[in-house]
Amino acid sequence: MEPKIPPQIRDYPLIRVCRPDECRSHNNCTGGKRPVTSADDFDSVDRIKSWLNRGGNYGVVPQSSNDLVIYDVDSEEMSRILNQELPSTFRVRSGGNDYGEHWYYQCAEADSQRNWDTPEGGVNVKNWQVVAPGSIHGETGNEYEVIDDSE
């Protein structure tokens, strides 16, 4: 079966990310979340599909030129706050055991990476890749899956 890359992220920069079971690119890699090369060494959709067929993961890369912002939502509290403040959007559940979602937006004003302890989560911008749907979480073996197919 051919891997499906959702249309909502297909036109953004995509990169190959390590295999979830056995990284062959780095000596100290775990979890299938680390870029194979650098976050600015983008791959074509066809190369990403081939990589997925061989057991690799892939990521999507926000850049200032595309205004993509991805919230890394690691708590129900952060999810509640975002639901109150922002419109619905394309969302992906990570494959981990704990609460984990990625919320995709476009926002030209967001220009710096941020992480919070309370509420738990962060925002990814400018070359901070996020593992994309269809990838496999290295610790659990669960798939990153689309949970809101909005634009």
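The legends below describe close-up views of a predicted model.

**View 1. An open sheet of three strands, with antiparallel pairing, has the order 1-2-8.** Its edge strands are strand 1, covering 14-17, and strand 8, covering 130-131, each of which pairs on one side only. Strand 1 and strand 2 (residues 57-60) run antiparallel and are joined by four bridges, and leucine 14 has valine 60 in strand 2 as its bridge partner. Helix 2, made up of residues 45-53, packs on this sheet and touches both strand 1 and strand 2, with a direction that makes about 20 degrees with that of strand 1.

**View 2. Tyrosine 71 and tyrosine 105 form one of the two aromatic pairs that the structure holds.** The arrangement is edge-to-face, with 6.0 Å centre to centre and 85 degrees between the planes. This pair links distant parts of the chain, since tyrosine 71 belongs to strand 3 (residues 68-73) and tyrosine 105 to strand 5 (residues 101-106), 34 residues apart. Tyrosine 105 counts as buried because its relative accessibility is 11%, under the 20% cut-off.

**View 3. Phenylalanine 90 and tyrosine 104 form an edge-to-face pair.** Their ring centres are 5.1 Å apart and their planes lie at 65 degrees, which is over the limit of 60 for edge-to-face. Phenylalanine 90 lies in the loop between helix 3 (76-85) and strand 4 (91-93), whereas tyrosine 104 is in strand 5, 14 residues apart. Phenylalanine 90 is buried at 2% relative accessibility, and tyrosine 104 is buried with a relative accessible area of 5%.

**View 4. Arginine 16 has its charged end over the ring of tryptophan 51.** The distance from that charged end to the ring centre is 5.5 Å. Arginine 91 lies over the face of tryptophan 103, at 4.9 Å from the ring centre.

Definitions and conventions: Residues are numbered from 1 along each chain as its sequence is written. This is a predicted model: local features need pLDDT of at least 70, side-chain atom pairs count only at pLDDT 80 or more; totals for chains, interfaces and linings use all residues. Side-chain values use heavy atoms; hydrogens and water are left out. Two strands pair if DSSP finds at least two bridges between them. Helices (H or I, at least four residues) and strands (E, at least two) are DSSP runs, numbered from the N terminus. Contact means heavy atoms within 4.5 Å. Axes are lines fitted to C-alpha atoms, for helices over the stretch in contact, and angles run from 0 to 180 degrees between N-to-C directions. Rings of Phe, Tyr and Trp (its six-membered ring) pair if their centres lie within 6.5 Å; planes under 30 degrees apart count as stacked, over 60 as edge-to-face and the rest as tilted. Buried means under 20% relative accessible area, exposed over 50%, partly exposed in between (1.4 Å probe, protein chains only). A charge sits over a ring if NZ of Lys or CZ of Arg is within 6 Å of the ring centre and within 35 degrees of the ring normal.
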